[in-house]
Amino acid sequence: MEQIFIKGLPKVELHIHLEGTLDTNLIVELAEKNGIRLPRPKEELITFSGLADFLELLNWICSLVRDGSDARRLAYRFAQYASGQNIMYAEVMTNPTHWKALPYSELIPHILEGFEQAYGDGYCDCRLLVSLLRSQTRREALEMVRWMKTNRHPRLLGLSVDGNEAESESSNRELYEAFWEAKNAGFGVTVHAGESSPAAGVTEALDLLGAMRIDHGVRAVADERLLKRLSEEQIPLNVCLTSNLVELYPGVDQHPLGKLYELGIPVTVNTDDPELLGIDLCGELELASGAYGWDRADLVRLEKNAVRAAFCDEETKALLF
Ligand code: ADE
Ligand code: ZN
């Protein structure tokens, strides 16, 4: 209904994985360039059932990226694509554990360079968050953060953690030093929680890892006290509607996004892994506004929530709205 308004609305994306932005054409191109045989016909490349299978698919897709120029190219392509959606600013996560052919010390600078070139050419202002995998050890996590501290870049803004949250309690004990070290060094910190973990995963992300915002967080809806806290402390939840329909909820009507918004929690709408889910940000905002009866003012409010939740400096924010 609000298709044209949504397309024209300046937008911000805060929960998106670079790994999930490669479209089939790019996947095929990279495979050909790097002499890798496709395991299935092109039309069936993107298939998965459940989170574990999905994470494996990410590993395979990222294994196609063999050198710095591939990484630069896909970072640049994402910024171009985002501009086509009128996304003005994006914080893109990348989890170096998926990119087996490139060490993070090579991968990250090339992604940052791709973003920088794209911005210089007038495309979306993309920043990077480095994401740890839930199963990483204390040593690996600390090594990553120390590398970030000694290789600062204006487009490298923060640390996150993704993957399967099932063992998040023990994983939080492994990761908390790295998270606090990152936060104390001025990086933004965000945590995937309340997706494959229950509401307690969100509370732990806030209290143990010092999360400044939460990726997903939707299962907080089962805990009234936590909901009150999220609203009172204005803790942003970066929600991904369609992504949650794969395993968590049967349809948008059962998804808690409308309720979280009504409670005054600063929610944002995002795509997570747009190409793998076959979605885009405009479509997600349309889906949400249709399901929850949001009008134009609500959509503007969501985008303002995203600007407020961003990890960039205030000057950049002032340019956004
Ligand atoms: N990595 C990429 N997408 C993810 C998701 N939805 N949950 C956990 N890890 C991810
Ligand atoms: Zn995610």
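Predicted model: local features only at pLDDT ≥ 70, side-chain atom pairs only at ≥ 80, totals over all residues.
Local features require pLDDT of at least 70, side-chain atom pairs count only at pLDDT 80 or more, and totals for chains, interfaces and linings use all residues. Residues are numbered from 1 along each chain as its sequence is written, and chains are lettered from A and ligands numbered from 1 in the order in which they are written.

Helices and strands are DSSP runs numbered from the N terminus (helices: H or I, at least four residues; strands: E, at least two). Helix α3 covers residues 51-63. Its 13 residues should span 18 Å at 1.5 Å a residue, and its end C-alpha atoms are 18 Å apart, which agrees. The expected span is 1.5 Å times one less than the number of residues. Leu 58, Ile 61 and Cys 62 are buried in α3. They cover an arc of only 90° around the axis, so they sit on the same side of α3. The arc is that of the directions from the helix axis to the C-beta atoms. Asp 53 and Glu 56, on the other side of α3, are exposed. A residue is buried if 20 or more other C-beta atoms lie within 10 Å of its own, exposed if 12 or fewer, and partly exposed in between, with C-beta atoms placed from the backbone. The cover over the buried residues of α3 includes α2 (24-33).

Helix α6 (residues 138-150) also has 13 residues. Its first and last C-alpha atoms are 18 Å apart, close to the 18 Å expected. Buried here are Ala 141, Met 144, Val 145 and Met 148. Their arc around the axis is only 90°, which puts them on the same side of α6. Arg 139 and Thr 150 are exposed on the other side. Elements covering the buried residues of α6 include α5 (104-120), β3 (125-133), β4 (156-162) and α7 (168-184).

The largest nonpolar core holds 90 residues. Such a core is a set of buried Ala, Val, Leu, Ile, Met, Phe, Trp, Tyr and Cys residues joined through C-beta atoms within 7 Å. Ala 75, Ala 79, Ile 111, Cys 124 and Cys 126 touch the most other members. Helix α4 gives the largest share of this core, 7 residues. Beyond its neighbours within four places in sequence, Ile 111 is in contact (C-beta atoms, placed from the backbone, within 7 Å) with Leu 18, Ala 71, Ala 75, Thr 94 and Leu 128. In soluble globular proteins, nonpolar side chains tend to be buried together.

The shell around ligand 1 consists of His 17, Gly 20, Asp 162, Gly 163, His 192, Glu 195, Ser 243, Asp 272 and Asp 273. Membership requires a C-beta atom, placed from the backbone, within 6 Å of the ligand. The shell divides into no nonpolar, 5 polar and 4 charged residues. Ala, Val, Leu, Ile, Met, Phe, Trp, Tyr, Cys and Pro count as nonpolar, Asp, Glu, Lys and Arg as charged, and the others, Gly among them, as polar.

Most residues other than glycine have a negative phi. Asp 272 has a positive phi of about 70°. This residue lies in the loop between β8 (267-269) and α12 (274-277). With 27 C-beta neighbours inside 10 Å, Asp 272 counts as buried. Asn 86 also has a positive phi, of about 60°. Asn 86 is found in the loop between α4 (68-84) and β2 (87-94). It counts as partly exposed, with 15 C-beta neighbours inside 10 Å.

How values were computed:
Contact = placed C-beta atoms within 7 Å.
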